[in-house]
Amino acid sequence: MQKKIRIIILAFVFLFGFCWVRDFLIKSLIGTVATSVTGAPTRVGGLSLSVIRQSVRISNFRVYNPKGFPKGILVDIPKMGVACNLGALITGKIHLRQLDLEIKEIGMVKNQEGKLNVDSLKIAAEKYGGKEKKPAKQLAMQIDIVSLGMGRVVSRDYSAEGPPVVKVYDVNLKKAYKNI
């Protein structure tokens with residue numbers, strides 16, 4: 001009887017350890033891929049992946065300014081998550097049951113040369129630099145509920161002489177959209 005209890009406890013410890021390591025590895029992978037795609041440092045604070053619920057939750061996702069700009073946050077997303085229906089992929093359709101996105105702050109920076117930080121991201125450079133790739137075949141998409149929250153946009157202009165011109169736009173948006 002004690003041997004069965006030990007095996008059960010060991011199985012739970014192994015399962016917990018596997019899930020923790022899996023989430024840690026995926027979190028690191030997301031940060032690395034996002035950094036290589038954007039060309040700007042990216043950090044992921046936390047990740048929760050549930051195969052049973054078919055959901056992914058990411059917390060404290062931050063993209064920092066690319067090289068050539070003052071240190072600071074380009075975008076700060078405290079919470080984002082998606083719950084999807086993986087079975088719909090078989091029929092060639094993307095079905096998201098719930099999409100949550102909470103954007104705390106977006107930082108727009110114009111450097112001394114007059115370039116914007118968002119235009120210096122790799123994605124923008126490829127799209128507007130003439131290196132645009134042929135688009136892939138689009139899948140049909142259905143989103144049941146989208147919850148969107150946005151805090152503020154901070155604009156900093158370093159192109160003028162003297163201290164930067166700082167403008168803060170409080171958006172304070174909290175909206176939900178259905179059946180997209």
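User: Happy to start with leucine 148: in which strand does it lie?
Analyst: Keep in mind that this is a predicted model. In it, the place of leucine 148 is strand β5.

User: Which residues does leucine 148 touch, not counting residues up to four places away in sequence?
Analyst: Contact here means heavy atoms within 4.5 Å. With residues up to four places away in sequence set aside, the partners of leucine 148 are Leu101, Leu173, Lys174 and Lys175.

User: And what separates the C-alpha atoms of leucine 148 and arginine 57?
Analyst: Along the chain, leucine 148 and arginine 57 are 91 residues apart.

User: What is isoleucine 58 in contact with, leaving aside its neighbours within four places in sequence?
Analyst: Leaving aside neighbours within four places in sequence, its contacts are Ile30, Val44, Gly46, Leu47, Pro78, Lys79 and Met80.

User: Now the surface: which residues make the nonpolar patch of about 590 Å²?
Analyst: Phenylalanine 12 is a handy place to begin, sitting in helix α1 (residues 2-38). Its relative accessibility is 57%, so phenylalanine 12 counts as exposed. The patch is made by Ile8, Phe12, Phe14, Leu15 and Phe18.

User: Zooming out, in what order do the elements run from the N terminus on?
Analyst: The secondary structure comes to two helices and six strands. From the N terminus on, the order is α-β-β-β-β-α-β-β.

User: Is the protein more spread out or less spread out than a compact globule?
Analyst: For 180 residues the globule rule gives 16 Å, while the radius of gyration is 21 Å, well over that. The C-alpha atoms fill a box of roughly 80 × 40 × 35 Å along the principal axes. Given that radius of gyration, the protein is therefore more spread out.

User: Last one: what share of the 180 residues counts as buried?
Analyst: The accessible surface comes to about 12,900 Å², with 63% of it belonging to carbon and sulfur atoms. Of the 180 residues, the share that counts as buried is 24%.

Key: Residues numbered from 1 in each chain as written. Predicted model: local features only at pLDDT ≥ 70, side-chain atom pairs only at ≥ 80, totals over all residues. Heavy atoms only, no water. Patch = residues over 30% accessible without salt bridge, like charges linked within 9 Å, V, L, I, M, F, W, Y side chains within 5 Å. Areas by Shrake-Rupley, 256 points an atom, 1.4 Å probe, with all protein chains shown as cover. Salt bridge = Lys/Arg side-chain N within 4 Å of Asp/Glu carboxyl O. Helix = DSSP H or I, 4+ residues; strand = E, 2+ residues; numbered from the N terminus. Buried < 20%, exposed > 50% of the residue type's maximum accessible area, 1.4 Å probe, protein only. Rg over C-alpha atoms; globule rule 2.2 N^0.38 Å.
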